[in-house]
Amino acid sequence: MACINRRDLGLLVLRVGTGAVLAAHGSQKLFGWFGGGGLDATAKGMEAMGFHPGRESAVAAGLGEAGGGALLALGLATPAAGAAAAGAMAGAVAVHMPAGFFNQGGGFEYPAFLGFTSAAIGLAGAGRYSLDHATDHRFDQPWVVAVAFLGSALAAGAVLGKRATRQSAAQSGDARTDAAGE
């Protein structure tokens with residue numbers, strides 16, 4: 001029995017810590033809290049990073065982080081929360097990918113860690129000390145895991161594919177402009 005309680009306590013600490021970080025980060029995007037730029041600045045940033053339309057992209061990223069993080073911390077609808085946060089972090093990984101792995105150089109280490117941790121919690125479940133447990137796992141059914149992660153993967157793939165296509169077209173246009181100017 002002690003191992004089960006320790007495992008559930010460990011899940012609680014991991015969920016609350018990861019969820020709080022994600023919720024704070026998403027709140028910066030959505031509301032400008034904690035020194036963030038808010039929705040307008042985030043929308044401009046998203047456009048600059050190749051996510052179009054910028055405002056919708058900012059709202060989606062902010063909700064994936066803030067909403068997914070809050071739900072992870074509470075342990076409510078944990079599979080959907082983990083999938084949403086992991087999907088949002090997939091976008092962040094794509095943005096930081098050109099800088100390499102390590103965060104100190106602007107790489108994708110940090111968003112990848114948050115994404116993998118969110119996904120792991122979503123797959124493992126929230127544990128005994130959670131609202132999922134208190135609600136008899138109404139929002140934590142096996143079909144929810146499958147639908148949430150499949151939906152998140154498809155959405156992230158579509159958004160990142162669209163971004164990559166736009167970036168490739170922009171680079172091709174730049175290359176043609178450079179060649180014509182020579």
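## Basis

This is a predicted model, in which local features need pLDDT of at least 70, side-chain atom pairs count only at pLDDT 80 or more, and totals for chains, interfaces and linings use all residues. Residues are numbered from 1 along each chain as its sequence is written, and side-chain values use heavy atoms, without hydrogens and water.

## Helices α2 and α3

Helix α2 spans residues 38–48 and helix α3 residues 54–74; helices are DSSP runs (H or I, at least four residues) numbered from the N terminus. Their axes come within 7 Å and cross at roughly 110°, where axes are lines fitted to C-alpha atoms over the stretch in contact and angles run from 0 to 180 degrees between N-to-C directions. The two helices are therefore roughly perpendicular (65 to 115 degrees).

The contact (heavy atoms within 4.5 Å) involves Leu39, Asp40, Thr42, Ala43, Met46 and Glu47 of α2, and Gly54, Arg55, Ser57, Ala58, Val59 and Ala61 of α3. By class, these residues are 6 nonpolar, 3 polar and 3 charged, with Gly counted as polar.

## Largest pocket

A pocket is an open set of points on a 1 Å grid where a 1.4 Å probe fits, with protein on both sides within 12 Å along at least five of seven lines; lining residues have an atom within 4 Å of a point. The largest one has a volume of about 710 Å³, the space filled by probe spheres set on the points. Of its 37 lining residues, Met46, Ala61, Ala88, Gly91 and Ala92 are the closest to the centre.

Two or more lining residues come from each of α1 (2–31), α2, α3, α4 (78–96), α5 (109–124) and α7 (142–181). The most come from α4, with 10 residues. The lining divides into 19 nonpolar, 12 polar and 6 charged residues.

Technical notes. Parallel < 35°, antiparallel > 145°, perpendicular 65-115°, else oblique.
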